[in-house]
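Colleague: I would like to learn how to read pairs of aromatic rings in a protein model. Could we go through a case together, step by step?

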Amino acid sequence: MAGECVPEGRDLKEMGEEELWELINDNRHRISLGVRPCILIPYLRQARVLTEMDEDEIVSCHNLTNRSMRTSYMLDLLRTQGRNGAVALLESLMIHYPTLYTQVTGRKPSTEPSRFSGLIKYSELTEYLIRAVTGMQKELQEARCEANRMSTRCASLESDIRQLMGQEEKSRRLQSENERMRRHLCSLQHEVTKLKDEKCDVYMRYTAAIEEKSAVGMRLHDLNLQVYQLQTELQKTQTENEFQKRRSLRCVPHTEGPPLQQEVRSLPCQQAHQDILAQDLAEALDSQVELAEHLRCYREENEKLLTEKQGLLDQKECLSLQVQQLTLDCNMHQQKNTVIQNQMRELQAERDQAYLSRDEAQAMIARVLAEKDTLRCQLMEVQERVFSLQTKHSPIEQLPSCDDMDWESPRSSCEDSEFPSRPRLRRMDALNPMSPSSCHPESEDVVASSVRSRNAEPPGPESLRRREEVLYADSSLETADTDSLLEDFVFLPDMGSKDKQTPRLSSSNDSSTDSESRTSAPPFLMRSRQKAIRINGRVLSISLQGEALLSQLAVVGGNKTGVFVHQVTEGSAAHTVGISPGAQIVEVQYEQNQKALRMVLEDSTLEEAMWALGQVTGICHLSLRPRQDDYEALLHQLQSNVTSSGDSFYVRVNMSVPASPNGTLAVSCNDILHVTNTRPAGTEDSWHASQVHPCQLLDLQSGTVPNYYRAQRLLIRAIEDMSFQKKKSQKFWRSVAQNKEKAVRIVSTGRQGRNPLWVSVEEEKTKSTDAGDTSAAKCCVSLMPYTLVTPHYPPICRPVLLLPTVLGRTLNKKLAGWQGFELCEPEVLSSTEHAAILQRSEILEECEQGRNCCYTLEGVVKVMKKGIHCVLPLGLDCVRRLHRAEIFPIIIFIGQSARSARKLRSKLQRQGQSEEQLLVCSRSEEPLLDKLPCLYHSVAPDSWCDQASLLTRLRTIVWEEQKKIVWVEPDLW
């Protein structure tokens with residue numbers, strides 16, 4: 001649209017250089033924002049206004065951090081080309097950016113040949129336009145395929161979203177139905193409550209009716225008594241009346257007649273009273289019948305209510321089951337939705353990671369191309385210089401045949417050869433120096449072997465033979481791990497005389513000559529080309545000059561987080577090769593005393609990493625892995641004082657260290673320490689550690705402890721002091737041996753290396769190592785003040801092993817009689833079963849030879865599955881077999897003295913043992929406890945008085961040890 005509004009401008013062929021560049025500079029900002037240099041560079045290279053070096057600088061220069069800066073730098077380079085640069089730029093804009101071309105020049109784009117300046121031939125221009133159109137069509141097709149794929153993906157995602165929305169709507173309906181059922185259930189519960197209240201009222205009325213009935217019964221009883229009394233009085237009165245009547249008829253005169261008549265008249269009144277009482281009784285009976293009828297009705301109503309209540313309870317259970325099912329369905333749909341969202345996030349993260357890897361690969365390719373061109377130029381200059389020097393010092397004669405010349409020595413080439421013809425320039429690394437063909441001189445090409453020569457001319461056969469012997473002798477010093485080192489270095493012998501080189505070249509045939517060559521000056525390394533960065537599973541291999549490597553870069557981290565590059569000194573070799581903060585150092589390789597050393601720092605401590613980097617001399621190989629997020633998380637933890645370093649491991653202390661005023665932590669032998677920093681600030685021979693809670697992984701008191709080397713010197717000094725005291729006074733030694741706190745624990749290892757805790761140092765030996773040196777190395781044993789341990793959380797009940805063995809046979813059955821303990825019984829196996837179990841190493845101990853009766857691992861597991869402690873009637877040999885099966889027994893050593901042995905005299909005699917045998921067994925098994933890879937519990941001889949108290953003490957110890965964490969050492973041999 002903008003191009004249509006601009007009037008038609010002047011023709012570019014009529015404009016001068018200043019006018020063209022003034023037009024470009026007026027629109028420089030627009031061009032810098034809208035143009036991608038990688039699209040215009042092919043046309044500019046075709047028009048010969050940019051060189052290959054200019055292209056590499058534009059694409060891969062580290063100072064140009066964004067597209068605008070690259071475009072601006074490209075315009076600056078084109079400005080140096082004058083009018084051709086401006087015309088070529090505008091023509092490339094007309095081809096690739098027609099809209100921008102219209103905005104800049106005011107002319108409509110056209111692909112007619114007359115519109116081009118002629119910098120490119122017509123055929124080349126047509127070919128370029130065809131390639132550009134073809135590339136655009138391919139890009140358009142790829143974009144359409146990507147759009148179709150994305151639309152398909154969007155459609156599938158939309159269908160998934162619709163399904164999820166439908167499921168969500170369904171779950172919402174189910175929730176509303178659930179709420180409605182809950183409200184209905186609440187209303188039914190209210191009705192049930194009302195019925196219960198009415199039932200209570202009926203019970204109250206029924207109780208009142210019963211009380212009223214009882215009152216009526218009492219009243220009826222009283223009325224019956226009164227009626228009986230009245231009937232009795234009536235009969236008596238009638239009898240008296242008859243008697244008086246007869247008497248009056250006989251004896252009484254007529255004057256007594258009126259009173260008797262009055263009395264007779266009063267008798268009917270009593271009869272009326274009886275009628276009233278009879279009527280009341282009848283009414284009471286009627287009311288009783290009515291109450292009974294009401295009671296029967298109430299009972300029927302109560303039965304109906306109970307039936308309705310049971311139905312409501314059943315309905316409530318059905319509704320609760322439906323609610324639970326709907327809740328589970330809703331949770332399942334929510335989990336599916338969460339999983340789909342997580343997958344989408346992972347896909348986005350993988351896409352971003354792929355884009356990042358692509359950008360890194362492009363940057364490395366650009367760097368390699370620039371490095372290649374630079375080395376080509378240097379090679380050409382060096383060969384020109386060598387040729388000019390040879391022409392100055394050589395007579396102008398015809399060159400003799402190559403079969404009679406020795407191209408290895410510069411002196412011989414100067415004295416015996418005439419003026420040579422100018423050799424053709426060759427690429428030195430055209431063939432791999434360490435290819436298999438280099439091991440066979442007879443099949444080796446003369447031209448290809450020139451990569452090892454110091455002269456521009458091809459070497460002779462004798463030189464090739466000597467050089468092949470040197471390469472074969474040097475290759476025997478290194479293994480497959482140092483092949484990458486040999487690929488990029490050229491081994492050159494010393495620039496001495498021919499007499500000094502002869503013993504070295506014949507070292508493979510004579511041992512005396514071999515020793516002489518080892519004492520002579522070692523070969524020096526000469527860089528044939530700068531090491532290219534290699535990508536191997538996100539690990540970058542970089543080679544650099546490693547002299548004083550710790551002064552070039554600073555590191556942070558440790559074995560838990562990894563060792564990261566923290567700071568890089570500007571201008572150093574590490575900064576030149578592109579090492580930046582945030583990269584994890586995975587491995588370092590270097591040579592020392594003609595030996596290739598490889599240090600794996602992926603799981604190393606900070607102290608180990610700094611030691612390894614400090615040992616580097618000369619050329620070294622660093623393997624780096626970019627982990628910027630982990631590095632920033634570590635820096636955040638360090639700045640917030642959450643941690644002091646990236647180290648975190650646990651050790652078992654094998655010596656006692658007293659506290660000191662400078663903050664040294666007081667530790668005892670067999671203590672467990674959590675080391676959190678192997679290089680604390682201000683100290684170089686100390687670690688920062690904390691004591692560990694016995695039952696939980698919690699740090700308690702913290703402080704500094706001697707590092708491995710200083711602790712090893714303290715351990716040796718403590719052993720020397722104890723030996724001197726033993727020689728000085730046997731009584732004093734016995735008093736020290738009876739001390740409750742153990743002074744040292746002597747642990748040795750046959751593992752080779754500068755530090756037995758460091759397992760990442762690998763030293764590659766030469767094949768010509770003497771047999772005496774090998775035997776000496778194998779018998780090398782070092783004392784260990786600390787041993788690495790790992791925590792284990794055993795099952796509920798661990799097996800119990802009582803020591804000494806003589807006392808254990810006496811106490812095992814007694815302890816197994818307690819609740820929660822069971823004795824492990826031996827099993828009688830057939831010959832086939834015994835052979836199979838023996839092959840699987842599941843036999844703990846043989847009972848009798850020849851009968852296939854033994855204690856097996858399966859028997860211990862059966863007892864443990866019952867949830868009780870298995871009492872092991874075995875010796876110390878079974879501990880390592882149990883550890884291999886992830887079973888960690890509770891080892892209890894009962895210390896013995898002459899006094900404590902006398903307490904068990906009667907028990908020992910029943911077993912056919914004596915006190916002396918118990919003491920001998922105790923003394924022989926106590927030193928073996930230090931060889932165990934786990935901790936044990938010791939019972940002092942004076943902590944119990946009889947067998948019953950000892951068993952009670954043992955059960956308490958078992959309960960306490962069951963709660964603790966089991967710390968296990970690795971195999972030190």
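Predicted model: local features only at pLDDT ≥ 70, side-chain atom pairs only at ≥ 80, totals over all residues.

Colleague: How is a pair of aromatic rings described?

Modeller: A pair of aromatic rings is described by the distance of the centres and the angle of the planes. The structure here holds five aromatic pairs. One of them joins Phe 649 and Trp 687, whose centres are 5.8 Å apart and whose planes make an angle of 85 degrees, so the pair is edge-to-face, an angle over 60 being needed for that.

Colleague: Where in the chain do Phe 649 and Trp 687 lie?

Modeller: Phe 649 belongs to strand 10 (residues 649-653) and Trp 687 to strand 12 (residues 686-692), so that the pair links distant parts of the chain, 38 residues apart. Phe 649 is buried too, with a relative accessible area of 11%.

Colleague: Why is the pair of Tyr 650 and Trp 967 called tilted?

Modeller: The ring centres of Tyr 650 and Trp 967 are 5.0 Å apart and their planes meet at 45 degrees, so the pair is tilted. This pair also links distant parts of the chain, with Tyr 650 in strand 10 and Trp 967 in strand 26 (residues 966-968), 317 residues apart. Both Tyr 650 and Trp 967 are buried.

Colleague: Which residues form one aromatic cluster?

Modeller: Phe 649, Trp 687 and Tyr 786 form one such cluster.

Key. Residues numbered from 1 in each chain as written. Heavy atoms only, no water. Phe/Tyr/Trp six-rings, centres within 6.5 Å; stacked < 30°, edge-to-face > 60°. Helix = DSSP H or I, 4+ residues; strand = E, 2+ residues; numbered from the N terminus. Buried < 20%, exposed > 50% of the residue type's maximum accessible area, 1.4 Å probe, protein only.
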